[in-house]
2 protein chains.
Amino acid sequence: MSVTDEYLENNRRYAAGFTGPLPLPPSKHVAVVACMDARLDVHGLLGLAPGEAHVIRNAGGAVTDDVIRSLAISQRLLGTREVVLVHHTDCGMLTFTDDAFKQSIQDETGIRPPWAAEAFSDLAVDVRQSIARITASPFVPHTDAVRGFVFDVATGLLDEVV
Amino acid sequence: MSVTDEYLENNRRYAAGFTGPLPLPPSKHVAVVACMDARLDVHGLLGLAPGEAHVIRNAGGAVTDDVIRSLAISQRLLGTREVVLVHHTDCGMLTFTDDAFKQSIQDETGIRPPWAAEAFSDLAVDVRQSIARITASPFVPHTDAVRGFVFDVATGLLDEVV
């Protein structure tokens with residue numbers, strides 16, 4: 001049995017206790033942007049209840065054009081106002097460089113990815129970079145409540161980057 | 001108090017019962033790609049335990065270049081092999097068109113977004129589109145276990161798109 005099949009069995013148990021549906025727009029008017037890391041249960045670590053907040057995640061929690069797209073839809077069409085960024089200690093993005101990663105793909109496939117890999121070397125600097133990309137975007141209308149945090153994978157605590 | 005501050009209080013309670021750290025590579029070798037929708041608690045609906053799977057999310061669960069970037073890092077650097085796509089009923093992406101959304105931004109800001117908004121009109125077609133984008137990518141090495149599902153926000157059940 002694949003892991004996907006295990007997860008489908010879990011889903012049947014989840015649905016047995018499910019109460020829905022909730023409204024489409026996030027009730028707390030928040031969008032979270034977090035790293036995809038397997039140790040971040042975003043609902044758990046922020047105490048998000050179903051229906052409260054959009055959750056956007058990618059490798060690094062980097063504010064790419066796709067995150068700007070998602071935030072534009074979140075704020076302009078679905079009424080969110082606050083943004084919470086969650087990066088974390090022991091991140092995989094600290095372990096390589098864009099150049100080396102893209103070169104390894106080029107060596108193997110013959111094609112160099114046209115995108116930045118978004119590796120970084122300093123967590124706080126990267127959180128500030130992410131905040132700055134949001135506040136500089138012409139497509140994200142509400143940028144007065146954008147805050148960034150580092151989640152400690154050893155303690156479970158969020159530490160704000162100022 | 002802002003909602004962000006409420007979530008920080010929740011985090012202190014979460015950390016009080018936290019046991020970590022877990023290893024960086026996902027222990028179940030799975031990456032999930034899901035919509036950012038506020039009603040999808042991905043850990044809950046799939047029964048993911050901390051440390052098991054990468055979770056990538058954006059508006060629509062669309063397989064954009066940024067998702068390909070995240071999957072490339074997930075598979076090439078952190079050992080994942082299966083991909084689980086989760087779209088859902090009552091999705092906001094069914095309620096507008098790319099052209100109208102981008103025109104409204106252009107009318108307001110003077111700038112037309114250079115990205116596709118990734119709106120769609122048929123859930124199953126969009127899930128198949130997402131699967132096809134992954135299997136066609138030269139940057140994602142493992143594409144023999146890519147499966148797509150629609151989460152029903154009324155029942156909590158996943159339905160596979162074949």
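Is Asp99(A) buried or exposed, and at what relative accessibility? Asp99(A) counts as exposed, at 55% relative accessibility (buried means under 20% relative accessible area, exposed over 50% and partly exposed in between, with a 1.4 Å probe and protein chains only).

The model is predicted, so that local features need pLDDT of at least 70 and side-chain atom pairs count only at pLDDT 80 or more, while totals for chains, interfaces and linings use all residues. Residues are numbered from 1 along each chain as its sequence is written, chains are lettered from A and ligands numbered from 1 in the order in which they are written, and side-chain values use heavy atoms, with hydrogens and water left out.

Chain B is superposed on chain A by a rotation of 180 degrees with 0.0 Å of shift along the axis, at an RMSD of 0.0 Å (least squares on the C-alpha atoms of residues with pLDDT of at least 70 in both copies). This is the relation of a two-fold axis. The same surface serves both copies, as 100% of the contact residues of chain B recur in chain A (contact means heavy atoms within 4.5 Å). The residue of chain B that comes closest to the rotation axis is Arg57(B), with its C-alpha at 2.3 Å.

In the interface, 85 residues of chain B are in contact with 85 residues of chain A. The two chains bury about 7,300 Å² between them, 63% of it on carbon and sulfur atoms (buried area is the accessible area, with a 1.4 Å probe, that two parts lose on being put together, summed over both). On the side of chain B, Tyr7(B), Met36(B) and Arg69(B) lose the most area to chain A, together 11% of what that side buries.

Six salt bridges cross the interface of chain B and chain A (a side-chain nitrogen of Lys or Arg within 4 Å of a carboxyl oxygen of Asp or Glu). One salt bridge pairs Asp5(B) with Arg147(A), with the closest N and O atoms 3.2 Å apart. H1(B) gives 11 residues, the largest share of the side of chain B that touches chain A (helices, H or I of at least four residues, and strands, E of at least two, are DSSP runs numbered from the N terminus). Another salt bridge links Glu108(B) and Arg76(A), whose closest N and O atoms are 3.1 Å apart. Glu108(B) lies in helix H4 (residues 98-109) of chain B and Arg76(A) in helix H3 (residues 65-78) of chain A, so this pair joins two chains.

Over all chains the count comes to 18 salt bridges. Asp99(A) forms a salt bridge with Arg112(A), the closest N and O atoms being 3.9 Å apart. Because Asp99(A) lies in helix H4 of chain A and Arg112(A) in the loop between H4 and helix H5 (123-136), the pair ties together parts that are 13 residues apart in sequence. Arg112(A) is partly exposed, with a relative accessible area of 34%.

Glu52(A) is buried yet has no salt bridge, and the nearest side chain of opposite charge, Lys28(A), is 4.5 Å away (Lys and Arg count as positive and Asp and Glu as negative, while His and the chain ends are not counted). Glu52(A) is placed in the loop between helix H2 (42-46) and strand S2 (53-58) of chain A. The side chain of Glu52(A) makes a polar contact of 2.7 Å with the side chain of Tyr7(B) (a pair of N or O atoms within 3.5 Å; within protein, one must be able to donate a hydrogen and the other to accept it, and residues adjacent in sequence count only if both atoms are side-chain atoms).
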